[in-house]
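I am opening a notebook on this protein and want to write down, entry by entry, what I looked up in its structure.

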Amino acid sequence: MKNLVFILIFSSSSLFSYDKINFIGQVSNPNLQNSISIYPLKDKTYMLYNSYIEIYDSSYNYVSRIDIKGEKPVSIESNGEYIYVLDNSASKINVYNEKGEKIFDFGYKGSKNGQLSNPSDFKYFNKKLYLANTGLNRIDIFDENGIYLYGFKTMSKDGTKSIEPDKIAIDKSGSIYILDISNSIIQKYSQSGQLIQEINQTANCISANEYSIVYVANEKEGKIKEFNSNLEFINSFGTRGKGKFEFLNFSDLEVDKSNNILALDNKNKKMLALNLENAQYSSKMPDAIRTDKIRLIPSRNYNINAFSFDASSDTLIYYDIKLKKAYILKGDEKKEILSYGEGEGLVKDPLDFRIYDNKIYASDSGNSRISIFNMEGKYENSFGSKASFFEKNKEGKFNAPSSIAISQKSNIYIADNAIIQTFNKDGIFLFLIGPNISDIKLTKISDIKTDEDGNLYILDSTLKKIIITDPNGKLISAINIPLPKPVSFAYDFNGYIYVLDKELSNVNVFDKKGNFQTSFLASGKGERELLEPEKIKIYGNTIYISDPQNNRLKSFDISYIPERPKINNSKIKDNQINLNWQINNDRIVKKFNIFKGETKEKLEKIAETKELSYTDSDLKSDTTYYYLVSAISITGEENYSEIYSVYFKGEKKIISETPELDNTIDTKNRPPVEIIPVKLNYIFSANYKYYLKNSLG
């Protein structure tokens, strides 16, 4: 009876489109007049206030409270481990654990990419935070660790005016919906920021469920309206008022895991949980396709001024140009090594270090030489000397040695303005590379690296190219780097190149063919921002970035996300199903998991393999099987193929219809063929004339 009364109260001209509107539960108390935002997560609901968060259970009973600090909190989200609170005035996101302890914060007030101005809403989806950066007319995307990834401008469909994203929602397939309250506009974007649809609609809040339904709340009418994923109107319910099932305003609107609508009305001091039963909501949207290939996970921040540095498994060496001193860090132990000066064993503003074969190679630019030390900082040897201005033969002599690269075959490459000098591991000169490499003339070499094949990578910051040569300097290819100020780069030995840009204060990732993959970080002074970065290096699966103006050296662990395996075909042979699939950049893939089931909804893991194929012999005849293949990366990330179906007919069973002989009947004197007369007892009267002319038998 409660449901029936509820239906009558919420009735509208299109009531027939709902099978039933159920009242699930509510929170109602005087404190709710100060509530700001809600977020449902599994069996909990978080309710945000100015200085605290209330937590409710699945029955909307109060459980606990977390005290927080902030200037003007406006929205709350969670990933199950962290609770994120968006602070509008401070233009940052504060991150707490379930105990209310602040873990970190991120975001920096400003107008550059990745910086914030008057942010008003955000949503957590697929390990990312999508933020309505209202003051900059942008949607900006951060990962769950607060690392800036990318963003896009929000413009009207005709491109004539900026749209202010006040509220944001994301559906199951990853489409982004934004609401501009003052201009009464709702827009739909793809994950890459392509505008798909735009409508005019007065509203205050927006949310989306798993069934392609977008909910829009309009407090002037006290109604919640339904739109499909194309933003076409379906229906509405509710009315304005102070009654139990009426609304005066919508502070927030969310959809929980059961697709219940949670409507926060702080003027009526309540939060209602409603469920709409509708036969049209029969199939869920497909999951969003995971397209990111790399994640950075913050590892450690070193509060050091690292003008130049290098890292190994347990050691970090760096030079502090302000103090004119070099240090070795092992764990938390710090030791001063190398002394400043011009004599043997002294260094003068080294531009690079390289740890190789338990030795430290220092590119001593001030003394125009390469000095070699053991891992305790004790001087062992040096090679190279200052080249005079008039010397034509520069072999083994330097003007300003900078970046060092050492190949797996122990070739030592030293960048020196527009040329590269090559030595063996003992410092014996081998050959020069540049300034002319085929039809490319090097002008300013900023960094050099080698790959697993011994090929040499040269970053020319003036040309904005990375030139790739073989170990002897013969041109292989050149990659355009469309960045304003690339200063350094690193190669991860898994096919990805990480380019550090000083002006953008970020890292841009390319593959070896020069295809852009992703970007990380933004300008700022926080732990997850860069101010004026100088150098980037990779050791193992860890990236190190020096940011001396911020007095920090940051490290991040690389996590590789494999591409979706693509099942090409299946073959049925010898009563077996042979599956084959392909994947790009298989060097980051550790293994594949194979899942199987007789329905799409219930797939179970049946095997794992390192191959690009699998043979299944556990089959039943006349059965359709569904297969799914997941790729597991070397860092444990997983990505899934589409579900692939195969019908297995199996072997044909030959059923004998020959009756068994009755051995009791004497057949000796019976003829091989016996003719038996047909007796017609009855013919249907309506056709008797036909049968008179066409006799049977």
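**Entry 1: the whole chain.** I began with burial, and of the 697 residues of the protein, 53% count as buried. I note here that I am working with a predicted model, and I keep that in mind for each entry below. When I looked up the secondary structure, I found that it comes to 2 helices and 62 strands. I then turned to contacts between residues at least 6 apart in sequence, and 47% of these join residues at least 24 apart.

**Entry 2: the nonpolar cores.** Before looking, I reminded myself that in soluble globular proteins nonpolar side chains tend to be buried together. How many residues does the largest nonpolar core have? I found 53 residues in it, and those with the most contacts inside this core are Ile-294, Tyr-498 and Ile-545. The largest share of this core, 4 residues, is supplied by strand 60, which covers residues 623-633. I also looked up a second, separate core, which has 19 residues and includes Ile-21, Ile-213, Phe-237 and Val-255.

I then went back to Ile-294 and listed what it touches, leaving out residues up to four places away in sequence: Tyr-496, Tyr-498, Val-509 and Phe-520 are among them, and the list also includes Ile-558, Ser-559, Tyr-560 and Ile-561.

Entry 3: I looked next at strand 4, residues 52-56, where 5 of its 5 residues are buried. Which residues lie on each face of strand 4? On one side I found Tyr-52, Glu-54 and Tyr-56, on the other Ile-53 and Ile-55, and all of them are buried, so that both faces are covered.

Strand 3, residues 44-48, runs antiparallel to strand 4 and is joined to it by 4 bridges. Within this pair, Tyr-46 stands opposite Ile-55, and the two strands form a hairpin with 3 residues between them. Strand 4 also pairs with strand 5, residues 62-67, in the antiparallel sense over 5 bridges, and here Glu-54 stands opposite Arg-65. Strand 4 and strand 5 form a hairpin with 5 residues between them, and in its turn I noted that Tyr-60 has a positive phi of about 65°.

**Entry 4: another hairpin.** I followed the chain to strand 46, residues 465-469, and strand 47, residues 475-480, which run antiparallel and are joined by 5 bridges. Ile-467 stands opposite Ala-478 in strand 47. The hairpin that these strands form has 5 residues between them, and Gly-473 in the turn has a positive phi of about 95°.

**Entry 5: backbone details in loops.** I looked up two serines with positive phi. Ser-184 has a phi of about 50° although it is not a glycine, and I found Ser-184 in the loop between strand 15 (176-180) and strand 16 (185-189). For Ser-505, phi is near 55°, again a positive value in a residue other than glycine, and this serine lies in the loop between strand 49 (496-501) and strand 50 (506-511). Is Ser-505 buried or exposed? Its relative accessibility is 1%, and because the cut-off for buried is under 20%, I count Ser-505 as buried.

I also checked a proline: the peptide bond from Gly-434 to Pro-435 is cis, with omega near 0°. Pro-435 sits in the loop between strand 41 (429-433) and strand 42 (436-437).

**Entry 6: Ile-404.** I found Ile-404 in strand 38, residues 401-406, and with a relative accessible area of 3% this isoleucine is buried.

Entry 7: The lining divides into 8 nonpolar, 3 polar and 8 charged residues, and its largest share, 3 residues, comes from strand 61, residues 638-640.

Definitions and conventions:
Residues are numbered from 1 along each chain as its sequence is written. This is a predicted model: local features need pLDDT of at least 70, side-chain atom pairs count only at pLDDT 80 or more; totals for chains, interfaces and linings use all residues. Side-chain values use heavy atoms; hydrogens and water are left out. A nonpolar core is a set of buried Ala, Val, Leu, Ile, Met, Phe, Trp, Tyr and Cys residues joined through side-chain atoms within 4.5 Å. Buried means under 20% relative accessible area, exposed over 50%, partly exposed in between (1.4 Å probe, protein chains only). Contact means heavy atoms within 4.5 Å. Two strands pair if DSSP finds at least two bridges between them. Ala, Val, Leu, Ile, Met, Phe, Trp, Tyr, Cys and Pro count as nonpolar, Asp, Glu, Lys and Arg as charged, and the others, Gly among them, as polar.
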